[in-house]
Amino acid sequence: MKIGIVTGGGDCPGLNAVIRAVAKAATKRGWETIGIIGGYQGLLAPQQFRVLDYKALDGLLVRGGTILGTANRGQFSAKTGHGETRRLPRQLLDDSKHGMEQLGIEVLVSVGGDGSLAIAQQMHEHGIPIVGVPKTIDNDLAATTMTFGFDSAVACATDALDRLHTTAESHNRVIVLEVMGRYAGWIAIYAGVAGGADVILIPEIPFSYGSICGAIQAREKLGKHFTLVVAAEGAKPAGGDFVTSGGQQQNREARLGGIGAVVAAEIEKRCGKETRVVVLGHLQRGGSPTNMDRVLCTMFGAKAVELIAAKQFGRMVAHTGTTVDSVPLLEATGQLRTVPLDSAYISTARALGISLGD
Ligand code: F6P
């Protein structure tokens, strides 16, 4: 048996740990594993791949990025908006299937976010045996309580907040930290709570500048002359829209970025407080996975191989909160998992007096 593994979409810590786990578990069953280079594109002629024998796996558990490369643009780009994907041309699916046959790959493991897994679903419908592994620092995939990469991104954002805390306090400043999170505020709410933020702005809750300034002024009255604000890149003022940082490209979602600077400028104008902004950006996607992500990646990889052995194709491995199971790929795509407004994440923040900007 020969299986292939492909990493797609934006990278994140833990991709290599999944590659390692899949290849190790496959080797244990006497199977061969081939890594497809550069995302799904590597399946097309001239195919680009590397053999993932035991030697190729050295050091992968802790190594950031993906040794296979990845792509979130090009012919296989499927994600066009919130839960929106486009259908790939039939010819592209035929060519992918043909590419797999030429490489002798019987089953493909697709490691990706909602865009890559939507493609995986289309491949499955096209008769390609495939299983999915959920990846995204945004943690916004439906049907799994956790994606890998998220915990590492939260650790990075929390560390940034710890550092910003001391300098904001020394200078009596407001500091706005912009973190990733396009449609879901998971990174912002987790890091905001873990890092002691005073204001957390998430895409799920439209904010008002009056409310943010109210929170800053309330702190001033308590003798706290500094404030930490965390803003997810997808946070929006009530009635307003996303702040984008680049032109719209065909078949791609708009590039977000800049809400932190907009919020900082408004705070300075309305509250008269000296304000700085830090955009954490791709630091959240780089570096080694946390311990938690290493474990999750390893469980996900082992489970993917188990699914293949049981011929359970068209499914995605999923974390249920207590264990690792699987769900149909269809359940995981086409809808996003946002922070529930009635969850303990929100009520905990409110109970502590953290402003959510509403
Ligand atoms: O989907 C994960 C994500 O990190 C989003 O939060 C962000 O908008 C996007 O990727 C940025 O991707 P890139 O800069 O690689 O196009």
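Trainee: How many bridges join β12 to β13?
Mentor: Five bridges join strand β12 (residues 315-319) to strand β13 (residues 324-328). The two run antiparallel. Keep in mind that this is a predicted model.

Trainee: What stands opposite Ala318?
Mentor: Asp325 in β13.

Trainee: And which residue in the hairpin takes a positive phi?
Mentor: Gly321, with phi near 110°. The hairpin has four residues between its strands.

Trainee: New topic. What order do the strands of the open sheet have?
Mentor: The order is β9-β10-β8-β11, four strands with parallel pairing. β9 (199-201) and β11 (275-279) each have a single partner strand, so one side of each is left without a neighbour in the sheet. The twist averages 15° from one strand to the next.

Trainee: How many bridges pair β8 with β11?
Mentor: Five, in the parallel sense; β8 covers residues 174-179. Glu178 stands opposite Val279 in β11.

Trainee: Which strands does α7 touch?
Mentor: Helix α7 (residues 259-271) touches β8, β9, β10 and β11. Its direction makes about 160° with that of β8. Helix α5 lies across β8, β9 and β10, running at about 170° to β9.

Trainee: At what angle do α5 and α10 pack?
Mentor: About 40°, with their axes 11 Å apart. The two helices are therefore oblique to each other. The crossing is left-handed.

Trainee: Which residues make the contact?
Mentor: Trp186, Ile189 and Tyr190 of α5, with Tyr345, Ile346 and Ala349 of α10. By class, that is six nonpolar, no polar and no charged residues.

Definitions and conventions
Residues are numbered from 1 along each chain as its sequence is written. This is a predicted model: local features need pLDDT of at least 70, side-chain atom pairs count only at pLDDT 80 or more; totals for chains, interfaces and linings use all residues. Side-chain values use heavy atoms; hydrogens and water are left out. Axes are lines fitted to C-alpha atoms, for helices over the stretch in contact, and angles run from 0 to 180 degrees between N-to-C directions. Angles under 35 degrees count as roughly parallel, over 145 as roughly antiparallel, 65 to 115 as roughly perpendicular and the rest as oblique. A crossing is left-handed if the near helix is turned anticlockwise from the far one by less than a right angle, and right-handed if clockwise. Contact means heavy atoms within 4.5 Å. Ala, Val, Leu, Ile, Met, Phe, Trp, Tyr, Cys and Pro count as nonpolar, Asp, Glu, Lys and Arg as charged, and the others, Gly among them, as polar. Two strands pair if DSSP finds at least two bridges between them.
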